[in-house]
Amino acid sequence: MACVAVASLLRTIELEFLQSHPRPLVLRNHLISFNKDLIQSFHQKLGFLISQFDDKRINMDGVEAVKHLETKLRDLAFRVEDKIEILVAHLYGDDDDEEEEEEDIDDEYLVGIADLFVEEEDLYVEKPQRDTDAEKTTQPCVKLGQVFQTAIEEIEAIKEELVKIKNRDEVEERKTAHDVLQRSEVVSSQAQMVGKNDEFEIIKKLLTEVGSKEKKVVSIIGMGGIGKTTLARHVYEDSSISIHFDVRAWVVASQLHNKRQMLLGLLNSISKQGNLEKSIDEDLSLKLYQCLKRQRYLVVVDDVWSGEAWDDVSNCFPEDGNGSRVLLTTRLAEVADYSSSNSDFSHHMQLLDQSDSWNLFCEKSGKFHGAKFEIIGRSIVEKCKGLPLAIIVVAGLFSTLSTLNELENIAKVLDSSTTTTIAAICSEILLLSYNHLPHHLKACFLYLGVFPEDYAINANELARLWSAEGLAKASENENFDVVADRHIQELMDRNLILVSKWSCCGRKIKVFGVHDLLHAFCVNEAQKENLLHVVRENGSDFRQRRFRWVSMQSSKLDVFTLRYASRICRSFFCFTDDDMTNLNWEQFKLLRVLVFTSRFMCTNIVDFVHLRYLSAYGNQSIAKLFNAWNLQTLCTTKAVDKNYLEFPQLQYFACLFIRGHSPKFVHQNLQCLSWLEPEHCTKEFFTHVPNVKKIRIVGGDRRESNDCIENLVNLQLERLHIIATKWDKTSPNIVQINSHIVLLKSLKRLRFRGKQWELPEDDKFCQLIVLEINSTHLKDWKATGDNFPKLEHLYLFSCTKLKEIPNGFAEISKLKSIQLVDCRPSVVASAEEIKEEQLDYLNNIVDVVVPERRGYSPVSESESESDEYESDEA
């Protein structure tokens with residue numbers, strides 16, 4: 001519907017015309033001063049109008065008239081945004097290029113957008129001298145005013161039609177079936193397996209008791225949403241299973257399987273590996289085979305769709321006659337027949353009976369409404385035909401109801417449906433869930449379709465993407481991080497996402513996924529709304545298509561046809577590591593988001609006028625971004641200069657290092673600076689970025705790193721990561737790392753390397769929640785519980801010289817966990833003593849974790865090294 005288009009347009013208007021530091025070129029051309037009242041009026045009217053489509057007094061989603069109005073509003077918003085951004089791009093002198101490209105594009109697909117470009121070009125192509133009035137009408141500021149004036153008239157017309165619909169139906173009580181779904185739910189790995197205990201025991205026996213010592217392949221077969229992954233996950237995490245097998249590994253194949261990603265996933269599941277990205281597939285296969293050789297292993301390959309996916313990894317599973325097992329989940333019986341040892345090792349999952357269906361419904365609905373509600377509820381549950389996903393979705397709907405009439409309306413909608421198949425019923429319920437979401441969440445939810453199926457979505461990265469797209473924005477009373485976290489939490493509360501990783505403190509969702517049925521729904525809806533195009537293995541033809549988001553999940557792309565879409569493409573995601581040097585980025589005039597998730601070759605990334613988000617770790621060649629005035633996020637391993645800090649909207653800056661001068665103005669939006677060198681950390685520099693909350697300092701020796709910390713004191717810094725890369729052999733007495741850190745009163749997370757650390761009793765880290773000491777020569781550590789009154793999590797990695805943890809840590813009442821990797825046995829013993837002493841204080845039991853495998857880090861697992869620091873929230 002109109003949610004994405006309107007949110008995007010509102011943000012574009014705010015960035016181009018309503019921010020405190022607009023583009024200098026926009027100011028010089030008087031676009032704002034000439035049209036200030038029109039701009040503000042249009043912005044206000046558009047925001048108010050979209051809010052009316054969320055009016056819960058009417059059940060608009062089922063009304064064709066309202067759907068028609070939303071379509072009109074969507075098209076209007078896209079059209080206005082195109083005109084604004086094309087007009088601004090032209091200000092940078094792209095006239096000649098635009099004319100040349102227009103001559104080559106005559107496909108019917110671009111009829112509408114081509115007319116738009118021709119209309120805009122009339123403003124800028126040199127024309128013979130005309131009278132003064134005629135000349136004025138060709139000025140950008142005048143044309144912009146005409147765009148807004150026409151759009152305001154269209155908005156008023158839509159508003160009038162909407163009011164008529166509301167008034168006409170006021171007397172009649174409208175159905176509310178589409179307006180009551182608040183918590184549609186997908187099956188998560190933490191969910192209770194109602195009615196599945198027998199199947200749980202069956203799979204456990206197949207893995208541990210049934211059969212000889214030969215390697216066996218066990219299959220779980222069932223339709224989508226029946227709970228295959230949940231069952232496999234519960235078995236995988238069962239304590240008796242973890243004890244029985246020496247090594248366990250898990251990987252998701254998915255419908256669009258990728259051999260390389262499967263191999264990498266399995267290797268990283270066994271142990272965090274280094275430099276695997278540089279290895280060829282054959283080396284990865286050999287490495288995996290060697291990791292499993294002579295081990296009793298359990299490997300889970302989830303969501304297998306084809307025999308080819310199985311063949312890609314099956315030879316990596318050695319046969320040692322020790323009772324190893326491979327567990328597959330699949331929707332297709334033929335895949336199970338192809339891969340399983342025999343039919344005795346295949347299990348077909350069963351739909352729930354009425355009793356178990358009702359128990360699951362009651363567990364997930366979360367409240368009880370009495371006998372009448374139960375009568376109606378049972379009829380609704382019966383409609384779900386025993387499919388767990390459908391039951392859970394309906395239970396989420398039920399949990400939001402407050403009146404008997406609302407539940408009756410839901411029952412009527414489902415009863416009136418002519419749908420009979422289980423899959424179709426599930427799809428219908430998912431649509432109800434989506435239709436009820438408020439518009440801002442609809443937009444955020446649809447955006448999840450840009451990621452591949454079964455993709456591990458980093459919540460922080462997604463939040464920054466939402467911001468760049470205009471799908472989420474900060475309010476007057478809240479910063480953006482708070483708003484984005486709330487949106488993600490709302491999606492979780494509605495059970496539309498599957499949380500796979502929380503922050504170490506359990507306060508924030510860190511990584512999550514989307515059930516494949518819900519993911520397919522996002523992709524299909526986004527495609528229907530002319531938003532998304534996914535390039536898959538079967539290639540892609542962009543002709544006759546209009547969309548704003550391109551998700552490259554295969555290199556099979558006709559680059560020539562891509563130019564038909566590049567005109568209106570706003571976001572380009574590349575999830576493949578194939579060579580794409582033949583892409584001509586000059587075509588993407590309106591691009592605002594550019595994401596490379598792997599190290600593929602790509603050159604000639606140009607200075608995009610509207611770029612807001614650039615993430616490029618690898619071999620990409622990054623141009624100097626002089627014109628990307630609204631840039632918000634810049635992540636790259638390439639060296640860039642500090643001139644990028646002139647961009648007033650910059651929020652997240654993660655680059656190799658920074659050169660140049662401090663910004664000319666006080667930068668209010670910048671929240672995170674990564675890869676700073678000590679020489680950059682001057683008092684003058686930090687006066688220009690007063691609101692930065694997260695800093696990583698890399699380089700220099702420990703003395704340099706420590707000395708620059710004093711310059712951070714005036715910041716409300718929450719997270720600090722210090723990596724001193726130089727070691728001065730002539731200075732054995734390294735300056736203590738804590739000399740100024742204790743002055744950072746707002747610090748919640750500290751990560752550093754040091755040699756000595758002695759804390760006076762008066763030194764207190766009053767807000768510190770997480771402390772990580774990594775790869776350090778720390779030998780003597782003296783501290784008390786008073787130094788860390790709020791500490792909850794302590795991580796020690798490769799502290800090979802440390803003798804023990806200060807026993808004063810037993811006095812920290814909030815301490816929840818101690819994690820040790822590559823530390824002395826005496827350190828482990830001291831941690832256990834702290835745990836025992838905590839029991840004497842009647843505090844929460846401290847969880848002491850000592851992973852067996854080397855190289856494991858909760859900070860870097862499931863994330864790239866480049867984002868390791870930023871993505872772990874305290």
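**View 1. Strand 8, a mostly covered strand.** In this predicted model, strand 8 spans residues 509-513. Five of its five residues are buried, so strand 8 is mostly covered; buried here means under 20% relative accessible area.

**View 2. Strand 8 and its pairing with strand 6.** Here we meet strand 6, made of residues 457-458, which pairs with strand 8 in the antiparallel sense. Two bridges hold this pairing. Look for Asn458, which stands opposite Val511 of strand 8.

**View 3. The hairpin of strand 7 and strand 8.** Strand 7 (residues 498-502) runs antiparallel to strand 8, and four bridges join the two. You can find Leu498 by its bridge partner in strand 8, Gly513. Between the strands of this hairpin lie six residues, and Gly506 takes a positive phi near 75 degrees.

**View 4. The largest nonpolar core.** This core has 134 residues. Phe17, Phe42, Leu73, Phe445 and Tyr447 have the most contacts inside it. Helix 8 (residues 140-169) gives the core its largest share, eleven residues.

**View 5. Leu73 and the residues it touches.** Leaving aside residues up to four places away in sequence, Leu73 touches Ala2, Val6, Leu46, Leu49, Ile50, Phe53 and Ile158.

**View 6. Glu772, a buried residue in strand 23.** Strand 23 covers residues 770-774 and holds Glu772. Glu772 counts as buried because its relative accessibility is 0%. Its side chain is joined to that of Asn774 by a polar contact of 3.3 Å.

Technical notes: Residues numbered from 1 in each chain as written. Predicted model: local features only at pLDDT ≥ 70, side-chain atom pairs only at ≥ 80, totals over all residues. Heavy atoms only, no water. Buried < 20%, exposed > 50% of the residue type's maximum accessible area, 1.4 Å probe, protein only. Polar contact = N/O pair within 3.5 Å; in protein donor to acceptor, adjacent residues only side chain to side chain. Core = buried A, V, L, I, M, F, W, Y, C linked by side-chain atoms within 4.5 Å. Contact = heavy atoms within 4.5 Å. Pairing = 2+ DSSP bridges.
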